[in-house]
Amino acid sequence: MSNNLTLNLAQLQNKIKRDPTGFRDEYESQVHRFKTSLELQQLHPENDHTTLSETMIFLASTSHCYKEAMKNYGNELAQLIETSGHSFASKLRQDIVKSLMLLRGKKMIEDKVLFELFFKLFRMKDKKIRETVHKFIVNDVKRINLKSKNHVVNKTLQNFMYTMLQDQDVTASFKSLQVTEDLYKKNVWNDEKTVNVIAAACFHGHQKIQSRALNFFLGNDQKSDEHDSDDDEDPEERRQREKNELKIPTARDIMVRFQTGQKGAKNKRKKKKMMKRIAKKSNKGQKRDVINFTAIDMLRDPQSFAEKLFKQLESSNGDFALKLLHIRVIARVIGVHKLVIYNFYPYLQRFLNPNQRDVTLVLQAAAHATHDLVPPEVCEEMVRCIANQFITERNSGEVMAVGLNTVREVASRNPLAIGDDLLQDLTQYKKHIDRGVKAGAKGLITLYRQEAPMLLAKKDRGKPTEHQRQIVPYSYGQSKAMDFIPGAETLPLRGPEEEEEMAEEERPKDFVDGEWRDVEHDIEDNIEKEEIEKRTETEAKLEEKVGREELLKMKQEKAKSVLTSRILSDAEFQKIKIEQATQKAVDIHRKVTASSQLSATNSSNLVELKNIEQVASRRAHSKEDRLATVLAGREGREKYGRGHRQKLNPYASTTNKDKRKQKPFQMVMHKVAKKQTGRSYADKKKALQESLKKQLKSYKH
């Protein structure tokens, strides 16, 4: 009975968990069996390891029942796979790793020892082991930091991770970097230290690790998987889970279900109960918003990082794909932190060519690297390079449109980057035949109507608004800090006793669902065309009397006095918004404002690639339009081609030549072959003579 129980490890495991003391002898016999099998396996690694694997997993599963006797079991397995793991079979190595994972779940091995061992296993030439270890590290670290951040374990692992990234084994360094990125994307290690550890990997000696680290800083750090805990999920279980999710009804399904049928109180209660259940599940599924900064924002010394990266780029002999990654990351760092690296812009001009591969990404980097602290002469040189290479008549319309869109993105970040001569030359393309070029030129005009209308030609400035009259061009390095709210000058300078008498304005109401409710309307609805025309005339007269600069100064002083005299009410803030909308109004009938016409991304630091590649989907005269015009002109006209002989009688027979053309080829094939022989007259004469000689020989004299 005892021997049978010893051989059946699953049954013995169940018995030991119920009564550890009663089956201690059997357990010790299995320990002795494990040591014996291990010694034999080390002497003959090529032998079968089934017994060793089963015993090893059994001891790991029941080690928590004999904690004192098995306290060193985990360290022994760790030392075993670290010293002799390369000589074992792949299946045996996987069983050892599985046993260590079981011991980790039963807290029979320390976290630090296990994690350091698993990171060292990345050096092993076994892909399955590396994948298994990678998934375990990510999920286990996530579990440790689930309720609260375990700073002790995190700090230890991050320090060890930094040493692993500098490891000579490329595979180990790459997998360590991959673990760090996965933990960052899962919001487990989203701190400054993790980002700077990955930043150090950008200067690794191997190009594969450089490429992985550089891709991390190109916007992928904000994207996280929806089912980030399903990495180690079985495919069958995942399909079953997705199938069950499809069965869950939505609120719309329930509304449609109860829309027909009986309208009794029972069905109403049932519908209300199901709607509450769905609302509860949806609220439960909503996670708390976490403020997640981008990785570039958390760099400790961005200036040194960008300079070292640019130095590495200049001395790099790698392929263009790696150089492009360097260019894009350097440009993003320069744009986010507003750095100044003068040598980067001339280097960027080498790749500003329409024939360059991935030139739109280079143009995007040029826009990213532009900000208001870059000297205008540096930006203007780059813009002129773009204009000379892209915005010329020798290029196609798509190339010219891409160049104009890039110039607009650069100018939106630094309006001083374009001189007035170049700007007026580029705006002449507003009447180009290509729609993309026309749209790019008009976008540039719209931008400078808001930023610096005085640089445009007078015919391109459009109908001047009150807001445009107040625009003062900024010089290089001048700050744009505001100490007043534009539009506050329209409010009267009231005293405290007069302010209490001011009644609150009522908001318009609409009749909704049988009762009156307050509804917010657009501010432009309160603006009238006569008011705009009257204000424009008044502003023009005052400007002629006191001068433009003096008028602006008077408005600013009054706005400051209003803001510093008292606390504004909601009604007064509403008046300020109406005033600001009135100043920017262009056409009151279409409700078009200058700010709505502006499509540049001034508020965002990120330049989307679609804003540069935004060309017209259809040309003014596309191939389909030209073909339709041609076909329309052929209607009612004789068919082109060589005219055939017209028969006087349409029912008359055709010639033998025409009939031969209509015959199947098999019927005339022998005639064609005879015609293609091409014998000359001499050959025919010689053949005739030979034929006559044969006939003479056959005669009998």
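1. Residues are called buried under 20% relative accessible area, exposed over 50% and partly exposed in between (1.4 Å probe, protein chains only). The structure is a predicted model, in which local features need pLDDT of at least 70 and side-chain atom pairs count only at pLDDT 80 or more, while totals for chains, interfaces and linings use all residues. Residues are numbered from 1 along each chain as its sequence is written, and side-chain values use heavy atoms, with hydrogens and water left out.

2. Overall composition. The chain holds 34 helices and four strands; helices (H or I, at least four residues) and strands (E, at least two) are DSSP runs, numbered from the N terminus. Of its 701 residues, 37% count as buried. Among contacts with a separation of 6 or more, 69% join residues 24 or more positions apart, a contact being heavy atoms within 4.5 Å.

3. Helix H11. This helix spans residues 192-201, and because seven of its 10 residues are buried, H11 is largely enclosed by the rest of the structure. The buried residues are Thr 194, Val 195, Asn 196, Val 197, Ile 198, Ala 199 and Ala 201. They pack against four helices: H9 (151-165), H10 (170-185), H12 (207-216) and H16 (302-314).

4. The side chains of Glu 192 and Arg 300 meet in a salt bridge, at 3.4 Å from N to O. Glu 192 lies in helix H11 and Arg 300 in the loop between helix H15 (265-285) and H16, so the pair ties together parts that are 108 residues apart in sequence. Glu 192 is partly exposed at 38% relative accessibility, whereas Arg 300 is exposed, with a relative accessible area of 55%.

5. Other salt bridges. The whole structure contains 17 salt bridges, each defined by a side-chain nitrogen of Lys or Arg within 4 Å of a carboxyl oxygen of Asp or Glu. One of them joins Lys 71 to Glu 68, with the closest N and O atoms 3.4 Å apart; Lys 71 is partly exposed at 46% relative accessible area, and Glu 68 is exposed at 62%. Another links the side chains of Glu 608 and Lys 610 (3.5 Å, N to O). Here Glu 608 is partly exposed, with a relative accessible area of 39%, and Lys 610 is exposed, with 58%. Salt bridges with shared partners also join Arg 104, Asp 111, Asp 140 and Arg 143 into one network.

6. Aromatic pairs. A search of the whole structure finds 15 aromatic pairs. The rings of Phe 216 and Phe 217 have centres 5.2 Å apart and planes at 80°, so this pair is edge-to-face. In these terms, rings of Phe, Tyr and Trp (its six-membered ring) pair if their centres lie within 6.5 Å; planes under 30 degrees apart count as stacked, over 60 as edge-to-face and the rest as tilted. Phe 216 is buried, at 2% relative accessibility, and Phe 217 is buried, at 3%. Elsewhere, Phe 310, Phe 320, Phe 344, Tyr 345, Tyr 347 and Phe 351 form one aromatic cluster.

7. Charges over rings. The charged end of Lys 208 sits over the ring of Phe 174, 4.4 Å from its centre. The charged end of Lys 308 sits over the ring of Phe 203, at 4.6 Å from the ring centre. The criterion is that NZ of Lys or CZ of Arg is within 6 Å of the ring centre and within 35 degrees of the ring normal.

8. The surroundings of Gln 349. This residue is placed in the loop between helix H18 (344-348) and helix H19 (359-368). Gln 349 is buried, with a relative accessible area of 18%. Leaving aside residues up to four places away in sequence, Gln 349 touches Glu 381, Met 382 and Cys 385. Gln 349 and Ile 386 are 37 residues apart in sequence, and their C-alpha atoms are 8.3 Å apart in space.

9. A nonpolar surface patch. Leu 627, Val 630 and Leu 631 make a nonpolar surface patch of about 260 Å². Patches are made of residues with over 30% relative accessible area and no salt bridge, like charges being joined within 9 Å and nonpolar side chains (Val, Leu, Ile, Met, Phe, Trp, Tyr) within 5 Å. Val 630 lies in helix H31 (residues 623-633) and is partly exposed, with a relative accessible area of 41%.

Notes: Accessible areas come from the Shrake-Rupley method with a 1.4 Å probe; for residues, only the protein chains shown count as cover.
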